[in-house]
Amino acid sequence: MSMFAVATVAVLVSMYMALIRAIRGPTVFDRILAINAFGTLTVILIAVHGFLAGRPEFLDLSLVYALINFIGTIAVTKFVKYRGMSDPDDEGLRGDL
Amino acid sequence: MEMVLFVLSWVSIIAGGVFCIIGAFGMLKMPDVFTRLHAASLIDTLGIGLIFLGLAFQAGFTLVLAKLAMVLVFVFFTSPTGTHALCRAILSDGMQPETIDGSRAVLVDEPETSPDEADEAEEV
Amino acid sequence: MEDVIIISLLLFMAIAAISIARMHNLFAVVMMTGLFSLLGAAAYVVMDAVDVAFTEAAVGAGVSTVLMLGTLALTTSEEKPASPKHARSAFVLVVITGAILVYGTLDMPSYGDPNAPMHHHVANRYLEASEKEIGLPNVVTSVLASYRGYDTLGETFVIFTAACGVLAILGRSRRPRRRDEAETDNKPEVDA
């Protein structure tokens with residue numbers, strides 16, 4: 001039973017580091033990347049917590065979240081690409097919206 | 001048999017957790033967005049793969065194993081696609097990786113050029 | 001172990017909320033809002049409310065983020081600077097209101113207490129009579145669809161109106177092209 005606790009602690013530490021990257025990341029792509037990794041870590045956390053609580057039926061939610069994470073990342077990438085990114089006036093903000 | 005499964009699942013879960021932490025730490029410490037992308041892909045492949053392998057050893061031959069396999073198959077297909085799409089978006093925005101010799105990465109969209117010219121351009 | 005998970009998730013939500021309030025780049029704010037919803041969904045799972053977690057993950061982290069991005073494509077992406085004149089009095093007012101609310105929650109029954117008044121009056125009747133009167137195996141469904149059907153009707157109205165409003169605002173815009181293309185397209189054709 002305690003192996004799930006170890007996995008949960010590892011995933012929470014990784015989530016913390018991904019959160020720091022999402023807040024700090026200078027360009028928008030760092031944030032997209034961090035949120036994608038955060039989504040995968042949430043999938044792991046929900047699955048491990050399902051086993052920890054003795055109810056592995058939580059895996060349905062993991063599957064739903066894996067789907068939504070993918071769709072969200074592709075949607076965000078599409079919006080970023082078609083937005084018309086760097087303004088000709090301010091070259092300093094290249095890569096940041 | 002129980003003991004073997006127990007040891008195997010412990011080893012897999014601990015290894016998966018270690019890889020998750022390594023991937024997240026790499027994402028925090030790497031200097032460039034391309035290298036961070038490379039470090040974060042550790043979580044999507046080894047992290048989730050090993051942890052779910054450990055959970056599968058605990059689950060036995062039930063419906064739960066089928067669900068774990070489904071999530072793994074889905075992540076196996078979508079995680080490289082998402083990383084590739086993100087990298088193409090970064091390159092089409094104009095950011096370039098920091099290289100030692102100054103070589104640049106070129107985004108290859110459609111092979112409109114002749115095959116000789118397409119061979120000269122570096123494929124991403 | 002569950003306490004550790006819930007405290008960590010709530011701490012991350014607090015960090016995300018503070019960073020949402022402090023960042024000026026609206027695109028980053030939208031992404032952090034998606035992350036906040038994601039943390040909320042994980043917290044709901046740890047509290048055993050999986051159906052709420054489904055909804056929160058799908059709506060908050062998926063649909064809401066995409067809609068906000070669609071809105072951002074129509075407006076600017078930097079926050080307009082707020083005037084700092086009333087900042088201090090606003091902060092004091094918010095802290096006082098928050099303190100009053102927290103003081104109000106000290107009187108509530110603790111989480112999951114079986115002696116709470118919520119678990120005694122109507123809930124028992126729903127739980128006992130649902131199988132005979134409605135016949136569905138899921139009590140949540142029978143409460144939502146039959147015992148509290150008018151609430152569900154009102155919510156359906158609200159969500160339908162919200163969807164119509166969002167489509168009316170966001171559906172009129174085409175995908176914004178690059179600025180030079182837009183300028184050359186808008187130049188009027190001059191007849192020779």
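**Notes on the predicted model**

1. Contact range in chain C. This is a predicted model. Among contacts in chain C between residues at least 6 apart in sequence, 49% join residues at least 24 apart. Of the 192 residues in this chain, 18% count as buried.

2. Secondary structure of chain C. Chain C contains eight helices and zero strands. Its pattern along the sequence reads α-α-α-α-α-α-α-α.

3. Domains of chain C. The chain is divided into domain 1, covering 1-80, and domain 2, covering 118-185. Where the two touch, six residues of domain 1 of chain C are in contact with five residues of domain 2 of chain C. On the domain 1 side of that contact there are three nonpolar residues, two polar and one charged.

4. Helix H3 of chain C, geometry. This helix runs over residues 50-72 and has 23 residues. From first C-alpha to last it reaches 31 Å, close to the 33 Å expected at 1.5 Å a residue. H3(C) also has a kink of about 30 degrees, and the kink is centred on C:Ser64.

5. Helix H3 of chain C, burial. Which residues of H3(C) are buried? They are C:Ala53, C:Glu56, C:Ala57, C:Gly60, C:Ala61, C:Gly62, C:Thr65 and C:Leu69. The cover over the buried residues of H3(C) includes helix H2 (26-46) of chain C and, from another chain, helix H3 (59-82) of chain A.

6. C:Val94. Is this residue buried or exposed? C:Val94 has 10 C-beta neighbours inside 10 Å, and therefore counts as exposed; the cut-off for exposed is 12 or fewer. C:Val94 sits in helix H4 of chain C, residues 87-105. Between the C-alpha atoms of C:Val94 and C:Glu2 there are 31 Å, with the two residues 92 apart along the chain.

7. Contact between chains A and B. Chain B puts 42 residues into this contact, and chain A puts in 41 residues. On the chain B side, helix H1 (2-29), helix H2 (33-59) and helix H3 (63-93) each supply at least two residues. H3(B) gives the most, with 15 residues. By residue class, the side of chain B that touches chain A has 29 nonpolar residues, nine polar and four charged.

Methods: Residues numbered from 1 in each chain as written. Chains lettered and ligands numbered in written order. Predicted model: local features only at pLDDT ≥ 70, side-chain atom pairs only at ≥ 80, totals over all residues. Contact = placed C-beta atoms within 7 Å. Helix = DSSP H or I, 4+ residues; strand = E, 2+ residues; numbered from the N terminus. Nonpolar A, V, L, I, M, F, W, Y, C, P; charged D, E, K, R; others polar. Buried ≥ 20, exposed ≤ 12 C-beta atoms within 10 Å, placed from the backbone. Domains from an automatic or database assignment. Expected span 1.5 Å × (residues − 1). Bend = angle between axes of the 7 residues up to and from the residue.
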